[in-house]
Amino acid sequence: MFLKNIAKFTSNYHYEQASAESINTVKAAFIDFLGVTYRGSNENASIIALNTIDEIFSKNLNSKINASIIGRNTKTNILNAAFLNGISAHVLELDDGHGTAQLHLGSVIFPTAIAISESYNLTGKEFIEGVIVGYEVGILLGKIVNPKHRNNGFHTTGTIGTIISGVVASKLLNLDEEQIINALGLCGTQAAGLLESDHGGSMGKVLHVGKAVYNGILSTFLSRNGFTGAEGIFEGNEGFLKTMVFNNVDYTKEDFSIDGVLGDIGSVRIQDIYFKKYPFCRHLHSSIDTALKLKASIGEEYKHIDNVAIKTYSVAAEHDNINPKNLEELKQSLAYAVAITLVVGDVSVDDVNKLIDYGLLDNYSTVDVVNDIKNLVSKTVILTDDKLNELYPNKRPSNVIIKLDDTFRNGIFQNITLLPKGDFENPFQLKDLIDKFKGLNPNYDINKLTIIDNIEDYSMKYVIEKLNE
């Protein structure tokens, strides 16, 4: 059975099996997670979630076994801390992910790993073990189910993310193989997350991450105490694959060889994850990178742009909302992402927030830069390009073409990006991640991050204490 093999890999994996490259990637991803989550803890969705947890639990945040809420000088029980950190990690749209697996990983893995490792005073090596098995299994499962799962309307970070959290928690709590099978069986039956929450411009998308972490940890503790889950939850007759990926009408076990996929367990490259530079959906990043190249050519002459054509793959082209009503919708708007870039340049969280304060989401604004952006959006057309579509998901290409007015002899500028910045084939350097951290958290003492260089030498309770000082 599928989960039996996953459980065997999870149980038997050890730190000594990890390559130096994998360990360095974990440390880089941990830094990226912390930077995004510290800043994300101050976003509206994160504050609402924290206040709601306070309300439900009568403001009693103390327990014998507790974990830190990142960005807050307080602790709560393992479940609530992980839930809140998951929301904060995803709310900015800046957390890491994997292209072909089509899901965010760090925002699920690190809240799970931190909550348990800190609470049970595990070592840095044990923490790394849990993180690596989470990335390995998560990437493997994401590649199995997508693109069909995503095309059926499911948010993989919420669905597969629940199983990922269960894998991490099971490893860190040292469950045996039978217990891991039960834990993942319980995760599978709680796996949820619909993309309508994403494209509908709601906070539901970040709830998917918080709930994935919450349900993964809950399932693991239930299993440890004897609660059972279905071993065939993934490939069974009424399991995940049949109901949520291939649909009842076109899937049989013979159509899909689980055994063939299982050979990849333990050989997935955690180094293949991507890091994000811009606070927009990842599908928009190639277009942003391309617009930045064009911005370098035309400078401040964007007022003379006659029209903009964005040719890209179909999934990216579907992000065609030109009337975003809130921040969540703005992060999914391809036309706005490109227009903001052509006007403002290299866009940050602070830039976006400032534009919103100036009336970007309002019907009327007196600020010129906002009106210039809206004017460009009105001149933008988004097209699915069949040749570019064939390159997806291995690449995420975007060709942006701008035509200037007769002041510039109707000049045409165009450029193409095949892989957005931050992909493993177009990677960030560690300095880029540190700069991203500092840009998000200018008042944080960046020197505290040096403890992560030698995290193996410390307990995770000590590490988190030092990072939170």
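Author: K403 is partly exposed, with a relative accessible area of 23%; here buried means under 20% relative accessible area, exposed over 50%, and partly exposed in between, computed with a 1.4 Å probe on protein chains only. The side chain of K403 forms a salt bridge with that of D306, at 3.5 Å from N to O, a salt bridge being a side-chain nitrogen of Lys or Arg within 4 Å of a carboxyl oxygen of Asp or Glu. The pair links distant parts of the chain, with K403 in strand 7 (residues 398–404) and D306 in strand 5, 97 residues apart. Helices (H or I, at least four residues) and strands (E, at least two) are DSSP runs, numbered from the N terminus. D306, at 36% relative accessibility, is likewise classed as partly exposed.

The model is predicted: local features need pLDDT of at least 70, side-chain atom pairs count only at pLDDT 80 or more, and totals for chains, interfaces and linings use all residues. Residues are numbered from 1 along each chain as its sequence is written, and side-chain values use heavy atoms, with hydrogens and water left out.

The domain assignment gives domain 1 (2–276 + 427–468) and domain 2 (282–417), the bounds coming from an automatic or database domain assignment. Their C-alpha centres lie 32 Å apart. At the boundary, 23 residues of domain 1 are in contact with 19 residues of domain 2, where contact means heavy atoms within 4.5 Å. Together the two domains bury about 1500 Å², 47% of it on carbon and sulfur atoms; buried area is the accessible area (1.4 Å probe) that two parts lose on being put together, summed over both.

One salt bridge is counted between domain 1 and domain 2. It joins the side chains of D350 and R39 at 2.6 Å, N to O. On the side of domain 1 that touches domain 2, helix 10 (196–199) and helix 21 (430–440) are the elements that give two or more residues. The residues of that side divide into seven nonpolar, nine polar and seven charged; Ala, Val, Leu, Ile, Met, Phe, Trp, Tyr, Cys and Pro count as nonpolar, Asp, Glu, Lys and Arg as charged, and the others, Gly among them, as polar.

Two further residues deserve attention. G40 belongs to helix 2 (residues 20–40) and is buried, at a relative accessible area of 0%. Its C-alpha atom is separated by 9.0 Å from that of L440, 400 residues away along the chain. F275 is placed in the loop between helix 13 (258–262) and helix 14 (285–298) and is also buried, at 9% relative accessibility. Not counting residues up to four places away in sequence, F275 touches residues including A28, D32, R282, F428 and L433.

Elsewhere, the count by the stated rule comes to 15 salt bridges. One of them joins the side chains of E456 and K27 at 3.2 Å, N to O. E456 lies in the loop between helix 21 and helix 22 (460–468) and K27 in helix 2, 429 residues apart. Both partners are buried, E456 at 15% and K27 at 13%. In another pair, K303 and D372 meet at 3.0 Å, N to O; K303 is exposed at 51%, whereas D372 is buried at 14%. Finally, E93, K205 and K276 are linked in a network of salt bridges.
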